[in-house]
Amino acid sequence: MLTKRIIPCLDIKNGRTVKGVNFIDLRDAGDPVELAKQYADMGADELVFLDISATLEGRATTLEMVLHVAEQVNIPFTVGGGISSIEHVDALLQSGADKISINSSAVKRPELINELSKKFGSQCVVVAIDAKQINGLWKVHLAGGSIPTEIDLFEWAKEVEERGAGEILFTSMNHDGTKNGFANEALAKLSETLNIPIIASGGAGNVQHFIDTFKEGKADAALAASVFHFGEIPISELKKELKNHNIEVRL
Amino acid sequence: MKLVIINYGAGNIKSIQFAFNRLGIEAVLSNNAKEILNADKIIFPGVGEASTAMKKLKESGLDELIPNLKQPVLGICLGMQLLCNSTEEGNTKGLGIFNTVVKRFSNDVKVPQMGWNVIKNLKSDLFSGIKENEYMYLVHSYYAEYCEETIATTDYGLNYASALQHKNFYGVQFHPEKSSLAGEKILKNFLNL
């Protein structure tokens, strides 16, 4: 049976990990390669690197980082953040990234999804969607959630699928950073209306939240950052607990 | 040991090269007929769309070279699918090594299948030391139908061939280069065939 995936997300700036990471035995907490290897050893199923570099030079460093991760890590990884051209995607895939994720650039020019999936295959095109529930309606937000749009989450998600995305990474702005659990109602609706995998993001605070997002939210994968980085939820224990709750995971 | 990864412009092959590097083996990327014929072991990779990939093989004459190889050949993902008789993707005729056809998953399951699933009914030296129900990483929308040459199966809405073997030709639907330690073991086994 296809298992549910656990995905740590690492923020990268100028080729270095930025968010505080607090692992024991880590020689260099800012080294994405070392962190990635540790997560792979702990049983992470995939990794996501989010490039928050603001400059071109920073982006170039990230490309080098991707190459080093690909050299040393034996699980799949996705790179996202500031990607808006076919050339950029080509460079990332050539450097060894398995998938790329696009967000604002897809909203601004939806044809980009078609172009990327046609050229590189749907399997490597993840579309990330940040949305916020306002007066009961889920509205897509841009630029890391800072710019609201009038676009409905579910309509956009459907369009993203039809244009050839292989997967959707949905972050609820209402839940992100709260540690109060994932947006399971919206996730379940996405999962039931679409026929591509959905990654849940935003709100992970404890093990029960993961159980809920797989059972109630019907998510195919769950992504989190701080609960993993600070060792609050060790991945191996999380996966054992999920298994105890009859959720299929890779142990 | 001379290992060649056939480079015909289909998808990300760096990952495969890196995986062999981690095993201490230098793999050469090549589309040169002479270099491929002189290799001890050959990897036939592939990511992307089937008809486009087959077109690229034909342009470089590899469609005639590959079926005549005598060394162990390992097709990975789309590489494995292109070694079958045909695929529904782009209505493409395959190289006809494996006597089976490739079809699209039905919409009863999410397509693509993306993530870790188990391989079972293992029967080949390729899987020596690999336990039944080992997890492998898969990303695909099309599957090879079960046939006599099946050496591993996986369930995803139905039971399909996740690995095939015919004489010196091996094919795996999963990505051993991305399947952690068990995947590395399979690559090692291939080198030892």
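Select chain B and colour by burial: of its 193 residues, 61% are buried, where buried stands for under 20% relative accessible area. The model is predicted, so treat what follows as computed from that prediction.

The secondary structure amounts to 6 helices and 13 strands. Draw the C-alpha trace along its principal axes, and the span is about 45 × 35 × 30 Å. The radius of gyration of chain B is 15 Å, which agrees with the value near 16 Å that a compact globule of 193 residues would have.

Of the contacts between residues at least 6 apart in sequence, 69% link residues at least 24 apart.

Show the surface of chain B. Then select the charged side chains: chain B carries 20 positive and 19 negative ones. The centres of these two sets are 3 Å apart.

Bring chain A back into view and select the contact between the chains. Chain B contributes 28 residues to the contact and chain A contributes 39 residues. About 2,600 Å² is buried between chain B and chain A, with 52% of this area coming from carbon and sulfur atoms.

Note on methods. Residues are numbered from 1 along each chain as its sequence is written. Chains are lettered from A and ligands numbered from 1 in the order in which they are written. This is a predicted model: local features need pLDDT of at least 70, side-chain atom pairs count only at pLDDT 80 or more; totals for chains, interfaces and linings use all residues. Side-chain values use heavy atoms; hydrogens and water are left out. Helices (H or I, at least four residues) and strands (E, at least two) are DSSP runs, numbered from the N terminus. The radius of gyration is taken over C-alpha atoms; the globule rule is 2.2 Å times the number of residues to the power 0.38. Buried means under 20% relative accessible area, exposed over 50%, partly exposed in between (1.4 Å probe, protein chains only). Contact means heavy atoms within 4.5 Å. Lys and Arg count as positive and Asp and Glu as negative; His and the chain ends are not counted. The place of a charge is taken as NZ of Lys, CZ of Arg, CG of Asp or CD of Glu. Buried area is the accessible area (1.4 Å probe) that two parts lose on being put together, summed over both.
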